[in-house]
Amino acid sequence: MIPVQPDRFLENLHTLRQFGASGVGKGVVRPGFSDPDIAAREWLAAQYAEAGLTAQFDPVGSVWGLAEGPSLLIGSHSDSQPEGGWLDGALGVICGLELARAARESGGPAISAVSFQDEEGRFGVTTGSRIWSGATDLAAADGLEDVTGVTFADARARMRHLAGDFVDPARFTGFLECHIEQGPWLDEAGEAVGVVTDIVGIRDMRITFTGEQNHAGTTPMHRRKDPVQAMARFQGLIADRFRNVVTPQTVWTSGHVEVHPGSHSIVPGRCTFSMQWRDGEKDRLDRMEQIIRDAAGEVAEAGGFGLTTSDLIALEPVPMDAGMQAALAEAAEAVAPGRWRRMQSGALHDAASLARLMPVSMMFVPSIRGISHAFEEDTAEADLVAGLQVMARAVARMV
């Protein structure tokens with residue numbers, strides 16, 4: 001077991017929280033390439049160097065602490081949602097820092113650390129790790145825009161003075177990521193650790209129903225072609241048809257709706273909404289897609305609506321490495337006997353990108369009340385330390 005120092009680990013975790021501290025609870029506002037994000041990455045680089053690692057920024061703003069020779073890579077991301085919690089990503093980054101530092105101090109195995117840039121998706125999906133893994137082309141990514149119209153190229157230019165070369169993936173033997181669960185299951189069960197079996201696949205698209213814009217006070221209900229009502233019928237249809245297809249772990253969401261022209265006194269002429277679904281089985285994701293497309297077509301035909309759909313974004317399920325899972329499970333039983341479980345990740349993480357290049361594994365610690373992506377996000381410090389200790393025991397079997 002690597003002799004980690006829990007007090008130092010917690011101190012560094014709280015120090016990172018100060019970059020972009022929201023002033024509300026322990027929340028942070030540290031989106032990718034913001035001033036607090038860049039300052040946090042410069043602080044991390046200094047910590048890596050102090051720990052005896054070679055600190056390096058890559059062209060997209062990810063910051064690395066590199067050990068000599070082949071090494072196990074441990075980390076996550078340090079950027080946050082526009083209103084984020086202090087542990088999302090940051091926990092895995094500081095675990096990487098502490099394990100790499102403690103390993104060097106004790107003459108242990110070679111461990112490198114990383115904080116990937118823009119995991120939270122200001123410009124896409126796990127942007128920094130996807131570009132590094134080759135899943136997204138840098139030239140194409142440079143044209144991505146955030147909600148204000150800033151391009152990825154413009155944003156990363158803010159870190160041009162820090163940027164070096166991309167790190168060669170061949171120097172790493174595998175990747176380990178610790179993360180808060182971001183769900184309620186561990187907390188509600190009083191468990192300390194989740195050993196991740198796989199990261200679910202994601203499908204995402206936009207659907208548009210086009211109806212007939214008209215006056216809200218004078219258009220009889222039976223004469224209306226209201227695309228919002230079409231969306232409501234569509235949602236009812238897919239909920240009914242999914243029943244014999246989905247599992248309790250399957251989820252689907254319409255988290256964004258645009259109604260045109262958006263006036264209280266106008267029957268809208270167009271309704272565009274997002275449709276996202278997640279599951280661990282590719283076949284089930286594909287069956288859900290067919291149900292979605294069929295249901296939208298039926299609603300459009302029955303009501304005389306126009307129908308268009310965007311291109312489909314498809315991210316496949318990612319299994320975790322079996323040997324690394326076994327090492328985490330053995331360590332979890334030693335640190336928290338009977339208080340751990342194997343579980344799926346319903347959220348996307350950088351580990352999914354890196355699975356293209358090397359064996360990957362993940363473990364979770366509880367999220368109090370299952371809250372994440374919010375200022376109220378938190379985890380008991382005892383559970384944070386338990387997670388670190390599980391990793392410290394497991395790493396010996398991974399290198």
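**H8 and H9**

I looked up the crossing of H8 and H9 and found that H8 passes H9 in a right-handed crossing; a crossing is right-handed if the near helix is turned clockwise from the far one by less than a right angle, and left-handed if anticlockwise. The model is predicted, so I took local features only at pLDDT of at least 70 and side-chain atom pairs only at pLDDT 80 or more, while totals for chains, interfaces and linings use all residues. Residues are numbered from 1 along each chain as its sequence is written, and side-chain values use heavy atoms, without hydrogens and water.

Helices here are DSSP runs (H or I, at least four residues), numbered from the N terminus. I read H8 as residues 227-241 and H9 as residues 282-303, with axes that come within 9 Å and cross at roughly 140 degrees. That angle makes H8 oblique to H9 (under 35 degrees counts as roughly parallel, over 145 as roughly antiparallel, 65 to 115 as roughly perpendicular, the rest as oblique). The axes are lines fitted to C-alpha atoms over the stretch in contact, and angles run from 0 to 180 degrees between N-to-C directions.

I then listed the contact (heavy atoms within 4.5 Å). From H8, Ala230, Arg233, Phe234, Leu237, Ile238 and Arg241 meet Ile291, Ile292, Ala295, Ala296, Glu298 and Val299 in H9. These residues divide into 9 nonpolar, no polar and 3 charged. Ala, Val, Leu, Ile, Met, Phe, Trp, Tyr, Cys and Pro count as nonpolar, Asp, Glu, Lys and Arg as charged, and the others, Gly among them, as polar.

**H1 and H3**

I looked up H1 (residues 6-17) against H3 and found an angle of about 140 degrees, with the axes 10 Å apart. H1 and H3 are therefore oblique to each other, and their crossing is right-handed. The H1 side of the contact includes Phe9, Leu13 and Leu16, and the H3 side includes Leu91, Ile94 and Leu97. The contact residues divide into 9 nonpolar, 1 polar and 4 charged.

I checked the length of H3 (residues 90-106): its 17 residues should span 24 Å at 1.5 Å a residue, and its end C-alpha atoms are 24 Å apart, which agrees. The expected span is 1.5 Å times one less than the number of residues. I found 14 of the 17 residues of H3 buried (under 20% relative accessible area; exposed is over 50%, partly exposed in between, with a 1.4 Å probe and protein chains only).

Gly96 lies in H3 and is buried, with a relative accessible area of 0%. Beyond its neighbours within four places in sequence, Gly96 is in contact with Ile74 and Ala113. Just after H3, Gly107 takes a positive phi of about 70 degrees.

Technical notes:
Helices (H or I, at least four residues) and strands (E, at least two) are DSSP runs, numbered from the N terminus.
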